[in-house]
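Visitor: I would like to learn how to read a few features of a protein model. Where do we begin?

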Amino acid sequence: MQNDRQSHWNAVYSSKAETDVSWFQQTPAPSLESLARVQARRGDAIIDIGGGESRLVDSLLADGFKSLTVLDLSATALAHARARLGDRGDRVTWIAADATTWQPPQSYDVWHDRAAFHFLTAESDQQAYLDRLKQSLNPRGHVIFGTFAPDGPEKCSGLPVVRHDSDSLARLLGTSFALIDWRRHDHVTPWGAVQKFQFSTFRSNT
């Protein structure tokens, strides 16, 4: 299954330009706003799960954040993002791995995921992902999930998804996390379609 997922996403990023995928954002405003709401500090360790070619890392580097990690299934996507950043890419930790099987090498203050978790349709994969999140998140750390909302798309890139709201995510995370913010977001694709997202932010109580 892991190899199938990696093959799928490497094929996507090898065959399509950055602006030819539905999830492209020139400026990742909802993610930046969520990070501002948790008062992320420039020295915080931040990991972007499923970051791919996302421009979030560009914005964070420009804002002076110093401890950034981008994880994605696709080594192709990460190579594209690193090349785009030029020398600045050397200041980022790039990890090509599956978030359900990867072993976190450090702890993080902020765990950010826009449009990766909703591809995990099996309960076992969801639990494996959350185990790694809980293992690596610092005490009082924050989790930001950007997922398709309950009225969002049922598929993306030809794959089924699980749509979430803050209640469904809270049930999965358990009582050791507190919901501190949720907001709807209408993402406009490069070809003008609107996708309904929800950004849900939690704080660890441990």
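Guide: We begin with Arg183, which sits in strand 8 (residues 177–188); helices (H or I, at least four residues) and strands (E, at least two) are DSSP runs numbered from the N terminus. The model is predicted, so local features need pLDDT of at least 70 and side-chain atom pairs pLDDT 80 or more, while totals for chains, interfaces and linings use all residues. Residues are numbered from 1 along each chain as its sequence is written, and side-chain values use heavy atoms, with hydrogens and water left out.

Visitor: Is Arg183 buried, exposed or partly exposed?

Guide: Buried means under 20% relative accessible area, exposed over 50%, and partly exposed in between (1.4 Å probe, protein chains only). Arg183 has 40%, so Arg183 is partly exposed.

Visitor: Which residues does Arg183 touch?

Guide: Contact means heavy atoms within 4.5 Å. Leaving aside residues up to four places away in sequence, Arg183 touches Arg37, Phe197, Gln198 and Phe199. The side chains of Arg183 and Asp181 are also joined by a polar contact of 3.0 Å. A polar contact is a pair of N or O atoms within 3.5 Å; within protein, one must be able to donate a hydrogen and the other to accept it, and residues adjacent in sequence count only if both atoms are side-chain atoms.

Visitor: How is a pair of aromatic rings described?

Guide: By the distance of the centres and the angle of the planes. Rings of Phe, Tyr and Trp (its six-membered ring) pair if their centres lie within 6.5 Å; planes under 30 degrees apart count as stacked, over 60 as edge-to-face and the rest as tilted. The structure holds eleven aromatic pairs. In one of them, the rings of Trp9 and Tyr13 have centres 6.5 Å apart and planes at 40 degrees, so the pair is tilted. Trp9 and Tyr13 are separated by about one helical turn because they lie four residues apart in helix 1 (residues 2–15). Both Trp9 and Tyr13 are buried.

Visitor: How are the rings of Trp9 and Phe119 arranged?

Guide: Their centres are 5.2 Å apart and their planes at 75 degrees, so the pair is edge-to-face. This pair links distant parts of the chain, 110 residues apart: Trp9 is in helix 1, and Phe119 is in the loop between strand 4 (108–114) and helix 5 (123–136). Phe119 is buried, as is Trp9.

Visitor: Which residues do ring pairs link into a cluster?

Guide: Trp102, Trp111, Phe117, Tyr129 and Phe145.
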